[in-house]
Amino acid sequence: MSQVLEYSEKVMDHFTNPRNVGEIEDAAGVGTVGNAKCGDIMRMYLDIEDNVVKDAKFKTFGCGAAVATSSMATELVIGKTVEEALKVTNKAVMEALDGLPPVKVHCSLLAEEAIHAALWDYAEKNGIKIEGLKPPVTDIEETEEFYEMEK
């Protein structure tokens, strides 16, 4: 039995006209995360100068919601300090997109984890510690939040 999902205009816009698609050569930080359950894979590239995200790009293999959340996540982190970018949550991504169907909430978690993974890579490359940043999760199915959101 298939189910028809209702997407907001913003989700549809970011899916059909995604912002910041591509990669950044010599990126300050690159993070790749996936979801084994649905097969989505998201790679986020960050260009960081003077502790500010100057540019962000993404490459996502996945459904429309995964593309839309990747696109919105890049929009939300550009211009922010590293610490502010770390605070961009899946809830912030969903709110900026005017919501997601419950079965697609995991896509916003993927976007949040991709940001964190790219910031982790940046911190590792530069030998710095970013307060509150935890080691990246490569498969969001492993996170407790994923199970809580899916209930």
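Which residue forms a salt bridge with Lys10, and how far apart are the closest N and O atoms? In this predicted model, the partner of Lys10 is Asp98, and the closest N and O atoms of the pair are 4.0 Å apart. The bridge links distant parts of the chain, since Lys10 belongs to helix H1 whereas Asp98 sits in the loop between H4 and H5, 88 residues away. Lys10 is partly exposed, its relative accessible area being 38%. Asp98, with a value of 52%, is exposed. The backbone of Asp98 also has a positive phi, about 60 degrees, although the residue is not a glycine.

The structure holds five salt bridges in total. Another of them involves helix H1, which spans residues 9-16: Asp13 pairs with Arg19, with 2.6 Å between the closest N and O atoms. Asp13 is partly exposed at 29% relative accessible area, and Arg19 is likewise assigned as partly exposed, at 24%. A further bridge joins Lys125 to Asp121, with a closest N to O distance of 3.1 Å. Both Lys125 and Asp121 lie in helix H5, where a separation of four residues corresponds to about one turn of the helix.

Lys104 presents a contrasting case. This residue is found in the loop between H4 and H5 and is buried, yet Lys104 has no salt bridge. The nearest side chain of opposite charge belongs to Asp40, at 5.9 Å; a salt bridge requires a side-chain nitrogen within 4 Å of a carboxyl oxygen. Beyond four places in sequence, the contacts of Lys104 are with Leu5, Tyr7, Cys63 and Ala65. Lys134, by comparison, is located in the loop between H5 and helix H6 (144-150). Lys134 is exposed, because its relative accessible area is 63% and the threshold for exposure is over 50%. The C-alpha atoms of Lys134 and Tyr122 are 13 Å apart in space, for a separation of 12 residues in sequence.

The packing of helix H1 against helix H2 was examined next. The axes of the two helices come within 8 Å of each other and cross at roughly 90 degrees, so H1 is roughly perpendicular to H2. On the H1 side, the contact is made by Val11, His14 and Phe15. The H2 side contributes Gly64, Val67, Ala68, Ser71, Met72 and Glu75.

The largest nonpolar core comprises 39 residues, of which Leu46, Ile48, Val77, Leu119 and Ile130 touch the most other members. Two or more residues are supplied to this core by each of strands S2 (41-49) and S3 (52-61) and by each of helices H2 (64-77), H3 (82-86), H4 (90-96) and H5 (105-126). The greatest contribution comes from H5, which gives 12 residues. Around Leu46, contacts outside the four neighbouring places in sequence include Ile24, Ala27, Ala28 and Gly29. The contacts of Leu46 also include Val53, Asp55, Ala56 and Val77, together with Ile115, Ala118 and Leu119.

Asn51 is found in the loop between S2 and S3. Asn51 is not a glycine, but its phi is positive, at about 70 degrees. With 31% relative accessibility, Asn51 counts as partly exposed.

Gly34 is found in strand S1, which covers residues 29-34. Gly34 counts as buried, because its relative accessibility is 9% and the limit for burial is under 20%. Leaving out residues up to four places away in sequence, Gly34 touches Asp40, Ile41, Leu110, Thr138, Asp139 and Ile140. The C-alpha atom of Gly34 is separated by 25 Å from that of Gly79, which is 45 residues away along the chain.

Methods: Residues numbered from 1 in each chain as written. Predicted model: local features only at pLDDT ≥ 70, side-chain atom pairs only at ≥ 80, totals over all residues. Heavy atoms only, no water. Core = buried A, V, L, I, M, F, W, Y, C linked by side-chain atoms within 4.5 Å. Buried < 20%, exposed > 50% of the residue type's maximum accessible area, 1.4 Å probe, protein only. Contact = heavy atoms within 4.5 Å. Lys, Arg positive; Asp, Glu negative; His and termini not counted. Axes fitted to C-alpha atoms, helices over the stretch in contact; angles between N-to-C directions. Parallel < 35°, antiparallel > 145°, perpendicular 65-115°, else oblique.
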